[in-house]
Amino acid sequence: MEISLKTIEERLKICAEQCGSKCCKSTQPVLSSEDFMRIKSNTDKIDWFEEIEENNEIIRLISKKRENNDCIFLTNKGRCEIYEYRPLDCILFPIFLKIKEREPRKYNIRWLVWYCLLSENVGIDTLKLESRGLVKNYLSSKPQYIFEYQTAMYKSGGYKKKHFLEEENLTIGNQE
Ligand code: SF4
Ligand code: SF4
């Protein structure tokens, strides 16, 4: 199987020029409280998020306020205006995860994918490996970030139409 790493710039070109930034137009990214605070302190826009309340639980989404319904942070060059502050949902895309804590620091993770030009060009294995590294770091330092992402994904319907890839058990803090 051929794995292409592709630089960030090459990936951005694929997304902006070949794909037309479809995922920044078709769904609203979900926000954990950490995503929210990070973006809030680095943007001067107002009305860039919306809140949905369900069973006394509030989830936040990046609002689509542009007339054409694109994400408010998508520039007319098809680039993300807040790329370095973008939410975890956007960082992981087109990879997704569902997670359960089986016992302290032991997790069951189901990996999912949305097939697109990026997964085709970079390779699902590479993207998943990168996501796994990121998720592992967060599970070591602030696991609530990953669980908030999951809650928001469930509530927003963000897992719909994603394809199951594989499942694994992950232990944090010990040799795997
Ligand atoms: S991640 Fe996939 S769907 Fe989103 S812009 Fe890139 S190629 Fe398109
Ligand atoms: S925040 Fe950026 S990466 Fe995420 S959907 Fe909006 S424009 Fe795309």
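## Surroundings of ligand 2

In this predicted model, ligand 2 is surrounded by C24, P29, I62, C71, F73, L74, C80, I82 and C90, a residue being near a molecule or strand if one of its heavy atoms lies within 4 Å of it. By class, this shell comprises 9 nonpolar, no polar and no charged residues. Ala, Val, Leu, Ile, Met, Phe, Trp, Tyr, Cys and Pro count as nonpolar, Asp, Glu, Lys and Arg as charged, and the others, Gly among them, as polar.

## Basis of the values

Residues are numbered from 1 along each chain as its sequence is written, while chains are lettered from A and ligands numbered from 1 in the order in which they are written. Local features need pLDDT of at least 70, side-chain atom pairs count only at pLDDT 80 or more, and totals for chains, interfaces and linings use all residues; side-chain values use heavy atoms, with hydrogens and water left out.

## The sheet β4-β5-β6

Three strands form an open sheet in the order β4-β5-β6, with antiparallel pairing. Its edge strands are β4 and β6 (163-171), each of which pairs on one side only. From one strand to the next, the twist averages 20 degrees. Helices (H or I, at least four residues) and strands (E, at least two) are DSSP runs, numbered from the N terminus; two strands pair if DSSP finds at least two bridges between them.

Strand β5 (residues 106-113) and β4 are joined in the antiparallel sense over 8 bridges, and I99 stands opposite I109 in β5. Helix α7 (residues 143-156) packs on the sheet, touching β4 and β5, and its direction makes about 120 degrees with that of β4. Contact means heavy atoms within 4.5 Å; axes are lines fitted to C-alpha atoms, for helices over the stretch in contact, and angles run from 0 to 180 degrees between N-to-C directions.

## R102 in strand β4

R102 belongs to strand β4 (residues 95-103). With a relative accessible area of 45%, R102 is partly exposed; buried means under 20%, exposed over 50%, and partly exposed in between (1.4 Å probe, protein chains only). Not counting residues up to four places away in sequence, R102 touches Y107, N108 and N169.

## Backbone exceptions

Most residues other than glycine have a negative phi, and most peptide bonds are trans. The bond from F93 to P94 is cis, with omega near 15 degrees, and P94 lies in the loop between α4 (88-92) and β4.

D47, not a glycine, has a positive phi of about 55 degrees. D47 is located in the loop between α3 (33-40) and β2 (49-54) and is exposed, at a relative accessible area of 53%. For R105, in the loop between β4 and β5, phi is near 65 degrees; R105 is partly exposed, at 39%.
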